Amino acid sequence: MALPTDHSKQSVADEALMLAYAKGQASAFDSLYQRHKQMVYLFFVKQGLPIAIAEELCHDTWLKLINAREKYQPQALFKTYLFTIARNTLIDHYKKKSTQNEDNYNSDDNDLTTTIATTQLCEQQQTQQLKLALSLNISALPISQREVFLLKQESGFSLEQIAQITAQHQEKVKSSWRYALQRLRKGLQHYVN
Amino acid sequence: MLCNVYVRGYSIMSTNHTDDNDKETQKLTLQQQSDEAFINQLYDDVSQEHQSQPSELLDKRILSAAHKAINKSNNPDKKSHVTWYSTLATAASLTLVVSLVVLQQDNILPNEQADRIQVKDVTFKKPINAVSAKESINPTSVKESFVDQEVMAEQIDYKAEPSYSALSGQMESSVATDGKVAVSERTLRATQYKKQSNSAKQKNIAQMMALPPVINNNITEIGQAQEKDLAIRYLSIKQFQQYTLSNKTLHANNQWLWSLKSENDMEYIINVFQGEQQSLAFRLGKDNFKVINAHQDTSKILSLKNKSLPKVVILNTNN
């Protein structure tokens with residue numbers, strides 16, 4: 001079954017587009033990429049990674065999807081499949097990085113958060129500052145909480161889908177979500193009001 | 001009745017416990033909802049800002065990779081697979097063959113060296129120092145003796161060299177006026193001669209090494225025969241006189257008591273027949289004896305022995 005060339009309309013499901021791409025219809029991938037590129041990109045950027053690394057991980061994720069196109073089976077949502085790949089790519093990246101570097105990175109973030117919190121800025125800059133503080137607090141979360149938070153808050157997955165992506169029990173995902181919220185609220189409390 | 005009381009009490013306790021759990025769950029749920037609302041509010045505030053996008057370069061890289069993958073799968077390069085497998089198979093086969101040949105050469109090398117030693121012995125006519133192939137051969141000693149003989153040959157070449165140089169020197173002294181030119185030319189010629197002699201020697205060695213196995217075996221047999229000849233005793237004058245008389249009698253009937261077996265620069269080796277099936281070999285020094293062919297026609301066959309050996313007359317040169 002050949003899909004129409006213009007896939008920009010959301011009417012064609014992601015899964016159908018992926019199957020079409022696996023069968024050799026290159027334009028189907030273009031539509032898929034346009035739909036999900038920002039979400040995948042933000043998933044990496046919100047991890048607190050530098051832009052260059054986030055882009056590199058984003059590139060790796062899409063390449064893995066391209067190489068595994070013939071193995072794709074539409075048992076789950078395409079979005080779930082894509083973010084499973086993205087998460088594995090991120091884990092590989094963390095494995096490559098030494099733990100010491102990551103600790104330094106996180107401690108630097110905490111120092112920066114404190115600095116930002118103590119600085120009084122004009123109202124126009126507050127929104128920008130809030131955005132920065134939010135991303136820094138997210139990156140300060142433990143990995144398991146951070147990925148659950150981002151998958152739910154940024155990418156819009158349900159807890160059940162996140163459990164599927166992360167290959168964890170749903171209760172554990174629920175607990176990670178709750179703890180992540182608590183930590184973020186505690187860290188960002190003084191930015192509100 | 002007691003049982004009913006216990007059941008009622010347990011049910012009341014469990015109900016209280018469940019209530020506590022429910023309250024705690026509700027509390028947690030409320031807390032979570034509150035946290036979610038807080039975060040959502042934050043996100044609403046932040047989302048007014050423009051969300052960042054991946055760079056255009058990244059977009060191009062990913063999309064081109066996707067299109068290339070499809071083009072590659074549509075036109076699979078089967079040749080490259082075949083070439084890869086065939087190349088690997090060829091390399092493996094070559095490695096196997098070379099290793100087998102090398103192993104085989106290691107096994108046969110001592111025997112070949114022994115054959116070459118015997119070839120050298122025959123060439124130099126020094127059978128006394130020859131190493132017999134029948135004897136047990138230590139490869140190292142064989143190699144050393146081979147090298148020694150090579151050194152001797154080289155020394156002989158160098159002995160011949162000065163005479164040539166002297167000759168060229170005479171010619172140069174009569175013709176050339178510049179001494180430096182003469183010396184340099186002489187040196188050049190000497191070097192060329194040395195190179196020629198070395199190359200000729202290497203060529204000989206290479207030819208000997210390239211001899212086919214059959215020729216090698218023949219030469220080995222000759223070497224063995226020469227070695228065997230060394231064990232033959234000399235014919236005494238008394239024995240010679242007795243055999244001469246007997247031979248004269250036999251010669252009348254076109255029968256011969258002796259025949260020439262072989263000869264070299266120093267001596268003859270003859271067979272003296274004792275009967276139809278027996279013969280004795282003797283050595284005759286060329287200083288004392290001379291062997292002459294009895295007939296020009298060598299096609300005639302000796303009647304005593306069914307072998308084509310030359311009929312000879314032996315003369316004592318001392319008398």
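Okay, one definition before we start: two residues are in contact here if their C-beta atoms, placed from the backbone, lie within 7 Å. Keep that in mind, and also keep in mind that what you're looking at is a predicted model.

So, with that in hand, let's go to where the chains meet. How many residues does each chain put into the contact? Chain B gives 28 and chain A gives 27. On the chain B side, two helices, α1 (2-47) and α2 (56-74), each supply at least two of the residues touching chain A. The largest share comes from α2(B), with 12 residues. And if you sort that side of chain B by class, you get 13 nonpolar, 9 polar and 6 charged residues.

Now let's move over to chain A as a whole. What is its secondary structure made of? Helices: chain A has 9 of them and 0 strands. Read from the N terminus, the elements simply go α-α-α-α-α-α-α-α-α. Chain A has 193 residues, and 31% of them are buried. Here's another number for the fold: take the contacts in chain A between residues at least 6 apart in sequence, and 59% of those join residues at least 24 apart.

Let's zoom in on one pair of helices in chain A. Helix α2, residues 26-45, packs with helix α4, residues 78-96, at an angle of about 30°, and the axes are 11 Å apart. Angles under 35 degrees count as roughly parallel, so α2(A) and α4(A) are roughly parallel to each other. Their crossing is right-handed.

Which residues meet there? From α2(A) we have A:H36, A:V40, A:F43 and A:F44, and facing them from α4(A) are A:K79, A:L82, A:F83, A:A86 and A:L90. By class, the residues of this contact come out as 7 nonpolar, 1 polar and 1 charged.

Is A:T80 buried or partly exposed? The cut-off for buried is 20 or more other C-beta atoms within 10 Å, and A:T80 has 19, so A:T80 counts as partly exposed.

And what does A:T80 touch, if we leave aside its neighbours within four places in sequence? Its contacts are A:Q161, A:Q164 and A:I165. Take A:Q161: along the sequence A:T80 and A:Q161 are 81 residues apart, yet in space their C-alpha atoms are 6.8 Å apart.

That's the tour, thanks everyone.

How values were computed
Residues numbered from 1 in each chain as written. Chains lettered and ligands numbered in written order. Predicted model: local features only at pLDDT ≥ 70, side-chain atom pairs only at ≥ 80, totals over all residues. Axes fitted to C-alpha atoms, helices over the stretch in contact; angles between N-to-C directions. Helix = DSSP H or I, 4+ residues; strand = E, 2+ residues; numbered from the N terminus. Parallel < 35°, antiparallel > 145°, perpendicular 65-115°, else oblique. Left-handed = near helix turned anticlockwise from the far one by under 90°. Nonpolar A, V, L, I, M, F, W, Y, C, P; charged D, E, K, R; others polar. Buried ≥ 20, exposed ≤ 12 C-beta atoms within 10 Å, placed from the backbone.
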